[in-house]
Amino acid sequence: MPSPLLNAGLRHPMRFADGRANPSMVHLNRVIDHPNIRIGDFTYANDFDPPEDWAARLVPYLYPGAPERLEIGRYGQIAHGVRIITASANHPAGGVTTYPFAIFDPASLALFKEALTDLPDTVIGHDVWIGHGALILPGVRLGHGVIVGAGAVVAGDVPDYAVVAGNPARILRMRFSPEVVARLLALAWWDWPQERLAERLPALVAGDLEAAAR
């Protein structure tokens, strides 16, 4: 039986050749403890200026107790400079001004917060790669296996295994045919135990679904 491939318990999952941990890369669920954020195992972020507060760096507008949540699946890959803007960042736009007067008046802040209900969650699937400096806007849902190009501004939902880029982001191509996407979703390799993943990794990397599914 192969040994486990990865260790989800590590804060810093990557080691240099000399054995030193890479301080710029973290398993996000080991460094973020936030009631509105749920992150699957093995999802990492890399930042060339590692913050003390990874939640504030990555999701700067999501406060504890906000009406919305951020969910990120397993095996996500988040590059330097990515920001996820959640729905509480929006200003009320139903009146004649968007100026957020209430946030400067503690007496009326509670009423302001009561008006911000039913805000959409932001949901990022498994095995999603978000490139350098990309911006994910409120309420976006990224399917499994999505690739977001560097600097992209994603304002709408992205289907499984799509490649998107640009501002606003658009689908450049699908990574696989619909038939292969269906097989990958059924395979759900991100739920495998580490021993099985280590055993089938060559087939996954080679794109050999027949061998991977055995």
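Me: Quick one to start: is aspartate 47 buried or exposed?
Reply: Aspartate 47 counts as buried, at 4% relative accessibility. Buried means under 20% relative accessible area, exposed means over 50%, and partly exposed is in between, with a 1.4 Å probe and protein chains only. Bear in mind that this is a predicted model, where local features need pLDDT of at least 70, side-chain atom pairs count only at pLDDT 80 or more, and totals for chains, interfaces and linings use all residues. Residues are numbered from 1 along each chain as its sequence is written, and side-chain values use heavy atoms, with hydrogens and water left out.

Me: OK, so which side chain does aspartate 47 meet in a salt bridge?
Reply: That would be arginine 57, at 2.9 Å from N to O. A salt bridge here is a side-chain nitrogen of Lys or Arg within 4 Å of a carboxyl oxygen of Asp or Glu.

Me: Switching to the fold. How many helices and strands does the chain have?
Reply: The protein chain has 6 helices and 14 strands. Its C-alpha trace spans about 60 × 40 × 25 Å along the principal axes, and buried residues make up 41% of the 214 residues.

Me: What order do the strands take in the 7-strand sheet?
Reply: The order is β1-β3-β5-β8-β11-β13-β14, in an open sheet with mixed pairing. β1 (25-27) and β14 (170-174) stand at the edges with a single partner strand each, so one side of each has no neighbour in the sheet. Two strands pair if DSSP finds at least two bridges between them.

Me: Which way do β13 and β14 pair?
Reply: Antiparallel, over 4 bridges, with β13 covering residues 162-165. Valine 164 stands opposite isoleucine 171 in β14, and alanine 165 stands opposite arginine 170 in β14. On another partner, β13 pairs with β11 (residues 147-148) in the parallel sense over 2 bridges. There, isoleucine 147 has valine 163 in β13 as its bridge partner.

Me: What's in the turn between β13 and β14?
Reply: The two strands form a hairpin with 4 residues between them, and glycine 166 in the turn has a positive phi of about 100°. Proline 168 is found in that loop too, and a cis peptide bond joins asparagine 167 to proline 168, with omega about -5°.

Me: What about the 3-strand sheet, what's its order?
Reply: It runs β6-β9-β12, as an open sheet with parallel pairing. β6 (83-84) and β12 (153-154) are the edge strands, each pairing on one side only. Strand β9 (residues 135-136) is joined to β12 by 2 bridges, and leucine 135 has valine 153 in β12 as its bridge partner.

Me: Back to phi angles. What's the phi of phenylalanine 42?
Reply: Phenylalanine 42 has a positive phi of about 75°, although it is not a glycine. It lies in the loop between β2 (37-39) and β3 and is buried, with a relative accessible area of 8%.

Me: And where's tyrosine 75?
Reply: Tyrosine 75 is in the loop between β4 (70-72) and β5 (77-78). Tyrosine 75 has a positive phi of about 60° without being a glycine, and it is buried, with a relative accessible area of 9%.
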